[in-house]
Structures are given as structure tokens and as C-alpha cells.
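Welcome, and please open the structure in your viewer. We will take it one selection at a time.

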Amino acid sequence: ALLRVIVEMIAMLGGVSVETVTRRVHLAVLERLQPAESAARRLIAALAHGISVTMRAKRAMPSGGIAGKGGTGVPCFALFDPRKRIGPVKKHPPGRGPGVWSFDDPCERMPDRPAPSPDDSVDAARLCARIQALRAALKDLPRQARRLARAMARKTFPKRAMRPGRPPGHRTKWRHPVDELLAECQEFALLVLAGLIAAPSIKPP
């Protein structure tokens, strides 16, 4: 079901590696991508529950850099929920702000910045990279579960892949089928982590 959501997003973008899209399409895809990523993280967390891992010695960084940051490979899927923002959110004042260039020399008033339009072109590189990472993760969930188990075994990572409370991308009023998928994956993962149902078994690598 989540793979079908990915197919829908790729169709909306017009491809999996487009450079720019309109702001309207960007926001519409993002509305589906955030809950899809959260649903995938909950499937991975349920699979990773109870996996015992043996930490290996650190290996040298391969030549070419990290995939997704200058490399040529598929970006790695983010296994941990983004942290919640604590405290008031800093908002920019409305309007264009001060229009003074200099107090010494006379100058013309700065023109007002045009309001964002739904038809403006925006960069789609990061959006496409996230979709590629999500698709690769869903096609090999056991490998992602082992990645998560190893990451959580390290002291530098938090002990929870899922943040408490509502998951990222949660909407009380469902707009798209992916919203229902996120609710089902959230309930499934919570039941597995609480020990109320058995975690799905995966084959060793």
C-alpha cells in the first residue's frame, strides 16, 4: 500500500528525478510524503524489536563520500523521527521589512517582494531524494530493521526511533489514503513494542 503511494507521488512529480516543480505540486507531494515516511519508520521499528546485533569494528569511509551527500548512490532512509520543536516558534514579521538603504544618500523605495504563487517553480531535488530513499527502504525492510537495531545499540543514538505522541505527518482529519495507513502502522508498532503482539520474524542476512 505504501509503494502505491510512492507511485502516486512520482506520477504527480512527472518522474523520480525532476529538477523543479510548481509550488502547488511540491506541497501536494509533501502532504503524502511525510505520513508515508512515518508509516515506514513504524514498520521498521516493529521489525527491529527484539533483534540482537553484534557491533562490528568501525570501517574506513569509502571513497566518493556518503550516499545522498555528494555520492552517486540512493540516499539512506532516515530511521528516526525528527525531534519536536520545544518552545515558541520564531515567526518573521509580515511584509517586506525595512526599506532603507542608507540614511546619507537619497534612494528610491525598495519594491515590495511579490507574494508566493502556487505556480512558482521550486527546487525538487530534496523531495525526489526522500522519495527514492523511502522506496528503497520499503523494498528491503529487513535490512532497514537491522540498520535500526545497530543504530540503537550505539550510545550516540536515542533509544527510541518513534517519538512519543502523534507521529510526524499525523492529521486528525484524513485527507489521503496514506493518513489511514499511518494510523494503522502506528497502532501496529505500539502493540509490538508493548509486547502485546509478537514482532514479525525476519531471516538473518
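Start with the second largest pocket: it has 18 lining residues, and Met152, Lys159, Arg160, Ala161 and Leu193 lie nearest its centre. A pocket here is an open set of points on a 1 Å grid over the protein atoms alone, where a 1.4 Å probe fits, with protein on both sides within 12 Å along at least five of seven lines; lining residues have an atom within 4 Å of a point. This is a predicted model, where local features need pLDDT of at least 70 and side-chain atom pairs 80 or more, while totals for chains, interfaces and linings use all residues. Residues are numbered from 1 along each chain as its sequence is written, and side-chain values use heavy atoms, without hydrogens and water.

The second largest pocket holds about 290 Å³ of space, the volume filled by probe spheres set on the points. H2, helix H4 (141–153) and H5 each give its lining at least two residues; helices are DSSP runs (H or I, at least four residues) numbered from the N terminus.

Next, select H2 (residues 23–48) and H5 (residues 177–193), whose axes come within 8 Å and cross at roughly 20°; axes are lines fitted to C-alpha atoms over the stretch in contact, and angles run from 0 to 180 degrees between N-to-C directions. That makes H2 roughly parallel to H5, a term for angles under 35 degrees. Among the residues that meet here are Arg32 and Pro35 in H2 and Val178 and Asp179 in H5, with contact meaning heavy atoms within 4.5 Å.

Technical notes:
Angles under 35 degrees count as roughly parallel, over 145 as roughly antiparallel, 65 to 115 as roughly perpendicular and the rest as oblique.
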